[in-house]
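Dear colleague,

Please find below the structure I am handing over to you, together with its sequence. My notes on it follow.

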Amino acid sequence: MTAVNPRHPLSVTALEHHLHSLRTHPLGLHVALWVADRAGEVLGVASAMQFGGMFHPDRYHAEVGVHPGHRRQGVGAALAGTLSAHLEARGAREVLAGAYEDDPRSLHFLETRGFTEVMRFFDNVLDMADFDADAWAARAPAPAGVRIVSYADLSAELGEDAARDAYYRGYLAARADVPRAAPATPVSPEDFRQRLASPRFLPRGTLLAVTPGGAVAALSELEQEDDQPGRLNTGLTGTHRDWRRRGLALALKVAALRVARDLGAREVWTGNATTNRPMLLLNERLGFRPRVAWVEMKRGGLTE
């Protein structure tokens with residue numbers, strides 16, 4: 001999987017955690033995986049999964065990936081045939097898949113199988129050598145009365161349970177308007193605990209804007225990248241609707257980037273939908289630069 005998508009490498013530990021969180025999810029999510037192998041060598045992989053954050057019993061997320069050294073040998077077609085038969089047997093009504101815009105062969109592969117584009121996402125990357133964290137901190141203060149603290153510090157202050165509950169409520173509010181290819185579905189407390197158990201979760205790099213009343217009004221998450229100590233990824237950056245347009249997102253991003261600097265990160269990556277103009281402009285202002293876009297595609301559709 002890492003060879004297929006080296007932009008986002010995957011460790012065994014992270015994959016195991018991801019699959020465990022899906023298979024133990026209270027919604028009973030479907031997970032199916034296949035490999036094409038020859039004499040013990042994996043040539044390609046395929047998967048059909050359901051995700052709790054965008055769940056419908058008839059919606060699936062599909063992937064087919066062929067190792068670069070074994071393409072144009074029919075491996076992808078064979079995996080796609082197995083995957084399509086599986087989805088048809090399950091009565092799938094909507095299937096989401098995708099490819100990078102600089103990979104026309106993969107985009108054509110999906111188009112010939114009935115997929116059409118629904119939206120695009122950029123990887124935006126900041127070279128930390130070009131970022132003056134201290135200068136930005138002076139230009140991006142939090143609003144009066146709001147303090148920015150890490151999840152690690154909030155846990156030490158309030159206790160693990162109280163800090164997690166405050167973070168959870170803030171997370172639910174912040175994710176409400178995140179652009180996505182299908183409507184968001186609720187994240188349960190159990191599902192949220194799985195996020196915090198991920199090997200990528202970074203308590204010190206999870207920055208929370210806490211109001212005088214103790215609520216989390218906004219957040220910005222840094223995540224560890226598998227086996228790449230010089231790189232950090234951004235998870236969710238978002239603000240409660242009642243607290244928008246007060247500079248919280250900028251203040252949190254700057255605070256998170258100061259943590260990234262202190263942790264020795266050389267690069268910070270973040271993903272943004274091309275329709276999310278406010279966040280794209282904010283990241284551009286901070287020095288993030290877009291990479292090749294991921295093209296999200298869909299076959300079929302759901303009306304309810």
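This is a predicted model: local features need pLDDT of at least 70, side-chain atom pairs count only at pLDDT 80 or more; totals for chains, interfaces and linings use all residues.

An open sheet is formed by 11 strands, with mixed pairing, in the order β1-β2-β3-β4-β11-β5-β10-β9-β8-β7-β6. From one strand to the next, the twist averages 25°.

Within the sheet, β4 (residues 94–100) runs antiparallel to β11 (residues 289–300), and the two pair over 7 bridges. Tyr100 has Trp294 in β11 as its bridge partner. Helix α3 (residues 104–111) packs on the sheet and touches both β4 and β11; the direction of α3 makes about 165° with that of β4.

**The nonpolar cores**

The largest nonpolar core has 30 residues, of which Phe131, Leu222, Leu257 and Leu286 touch the most other members. Two or more residues each come from α4 (133–139), β7 (201–210), β8 (216–224), α8 (248–262) and α9 (277–286). Helix α8 gives the most to this core, with 10 residues.

Which residues does Leu257 touch, leaving aside those up to four places away in sequence? They are Leu126, Met128, Phe131, Val268, Leu286 and Phe288. Apart from this core lies another, of 18 residues, which include Leu154, Val187, Leu208 and Leu236. In soluble globular proteins, nonpolar side chains tend to be buried together.

**Helix α5**

Helix α5 (residues 151–158) has Tyr151, Leu154 and Ser155 buried. Seen down the axis of α5, the buried residues fall within an arc of 100°, so they line one face of the helix. The buried residues of α5 pack against β6, α6 (160–174), α7 (189–196) and β7. One of them, Leu154, is also among the members of the 18-residue core. Just after α5, Gly159 takes a positive phi of about 100°.

With kind regards

Terms used: Residues are numbered from 1 along each chain as its sequence is written. Side-chain values use heavy atoms; hydrogens and water are left out. A nonpolar core is a set of buried Ala, Val, Leu, Ile, Met, Phe, Trp, Tyr and Cys residues joined through side-chain atoms within 4.5 Å. Buried means under 20% relative accessible area, exposed over 50%, partly exposed in between (1.4 Å probe, protein chains only). Helices (H or I, at least four residues) and strands (E, at least two) are DSSP runs, numbered from the N terminus. Contact means heavy atoms within 4.5 Å. Two strands pair if DSSP finds at least two bridges between them. Axes are lines fitted to C-alpha atoms, for helices over the stretch in contact, and angles run from 0 to 180 degrees between N-to-C directions. The arc is that of the directions from the helix axis to the C-beta atoms.
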